[in-house]
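Open the model in a viewer and keep a selection panel at hand.

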Amino acid sequence: MDRRDFLANLSCTAALAATVPNVWRVTNRPRFADDPFQLGVASGDPTPNGGVIWTRLAPKPLELDGGMPGPRTVVTWEVASDDGFRTIVKQGRATAAAELSYSVHVDVTGLEPERWYYYRFMAGDARSPVGRLRTTPAASASTPLRFAVASCQFYEQGYYTAYAHMAREELDLVTHLGDYIYEYGQYEGRVRRHAGLEIRTLDDYRRRYAQYKSDPLLQAAHALCPWVVTWDDHEVDNNYAGSIGENIMESEEQMRARRAAGYQAWWEHQPVRVPRAQSWADLNITRSFDWGSLARFWVLDGRQYRSDQACDDGGRVVPCGEWASPSRTMLGQRQEKWVTDGLAASRARWNVLANQVMVAPNDADAGPPLQLPMDTWSGYPAARDRLLGAIATHAPNRSVVLTGDIHTQWANELHAGFSRPDRPVVAAEFVATSITSGGDGNANPGNNPSAINPHVKWYANQRGYISCTVEPGAWTAAYRSVPYVSRPDAPLETPATWRLTHGRAGLTRV
Ligand SMILES: [Fe+2]
């Protein structure tokens, strides 16, 4: 490849790959002792004419720099309309560089709306597995959408069987709501308790992603269709808030350095269209995307801009401390305004918040006092009232909140303001459980929160995901679960399906 070609190619991917200095020091024909594509491929953030395709070169995934020799390597990519690559519609070259852990993000454009495409990468003599990318419908189209909601995939707590089932569904899209990795120290192997030191450095986080990404079932789910990914706390540190860590011994300066490492490694390993920031510690991942005129998704970040938890992180009897203060925020002022203004301007049939922690309150015991989890929206009641107020004003009964974090399944009705639960229902919240976090579930949980919290219509404690079918008139959420994750090959069950009718308040069980 000559230098002019390389620069021309670089300009196509510049927004994602950023500026790579010393561009002439590129390895054109690398030789790999081991397959450099062991972490698979992925696509994401689809548009009507394209999407991001991703891979990372790592011939020895768990070694420093993935065992890659040399500072940078040329990778070629192809997008075809058939899985045999007989009709290649787009191709090009990108550079995998050490400073971005040899990850490759190509923002492919010029494709047709609402179509399946196949993509792959080549480096030296090696060729990657094939992944699929589906472009979104044209802006005016109201084509139905089928997608899955996933979160929380603690590697040592079980097998990713849920992903094997997900890969057998006909899905246009997967949304992942965070806890893609966990930062805890760990033993070797699967299905063990964690121990040892938490990860903190960029190399630590990169190796952790490499470990998770090596899972064949996770790779299969990524190859199936584009993903839209956000993060929660464990991509950096359990229950962190802004630049305040879980551990009070960790200074805000140390937490910012840790955030920079966690955020950079996240960016390197996800198929996202997220421009790099001046500083990785300030990476802004909030973005929206449209599925034709049917749905607009608001991809939220409920970690980076939030106020510290009131009265510590756990369950607390309220009121306590600054809990109810209107100055406290979950999304930060800028993101909150972006969502509120966006809801006001949106002409989409459905508005969807891809969110982290649960919005609906879950009081722990019957009768007074109220005891609420401080890390969820229940710990930020004024911010929650503002969000639900915006939904009530601008998009009532055509808004859906998707939630992860809590490792259990919930179908919730959201009221216009939970400080006054007599206000009408304005939205639904579908809470996906974990893929593995928490280990095997419990088919007969002792305490059912729906008995104490009337807006909770259904609750279960199994691992799995949600499969959503979105049509102009109705949103159907099928809760998928696997009875165990401590052994492979669990069967798939659908313990409940809930429906929200467009323009009508409240959920109905199907
Ligand atoms: Fe989690």
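Select Asp-290 first: its relative accessible area is 30%, so it is partly exposed (buried is under 20%, exposed over 50%, partly exposed in between, with a 1.4 Å probe and protein chains only). Arg-296, at 25%, is partly exposed as well. Their side chains meet in a salt bridge, 2.6 Å from N to O (a side-chain nitrogen of Lys or Arg within 4 Å of a carboxyl oxygen of Asp or Glu). This is a predicted model, in which local features need pLDDT of at least 70 and side-chain atom pairs pLDDT 80 or more, while totals for chains, interfaces and linings use all residues. Residues are numbered from 1 along each chain as its sequence is written, and side-chain values use heavy atoms, without hydrogens and water.

Next, select Glu-198, Arg-200, Asp-237, Glu-250 and Arg-258, which salt bridges with shared partners join into one network. The whole structure has 26 salt bridges.

Go on to Arg-480 and Glu-169, whose closest N and O atoms are 2.8 Å apart in a salt bridge. Arg-480 is in strand S22 (474–482) and Glu-169 in the loop between H2 and S10, 311 residues apart (helices, H or I of at least four residues, and strands, E of at least two, are DSSP runs numbered from the N terminus). Arg-480 counts as buried at 15% relative accessibility, and Glu-169 at 12%.

Arg-206 and Glu-268 form another salt bridge, also with 2.8 Å between the closest N and O atoms. It links helix H3 to helix H5, across 62 residues, and both partners are buried.

Finally, select Tyr-163, Met-166, Trp-227, Trp-266, Trp-267 and Leu-283, which have the most contacts inside the largest nonpolar core, of 42 residues (buried Ala, Val, Leu, Ile, Met, Phe, Trp, Tyr and Cys joined through side-chain atoms within 4.5 Å). Helix H5 gives the most to this core, with 6 residues. Apart from this core lies another of 33 residues, including Val-149 and Phe-297.
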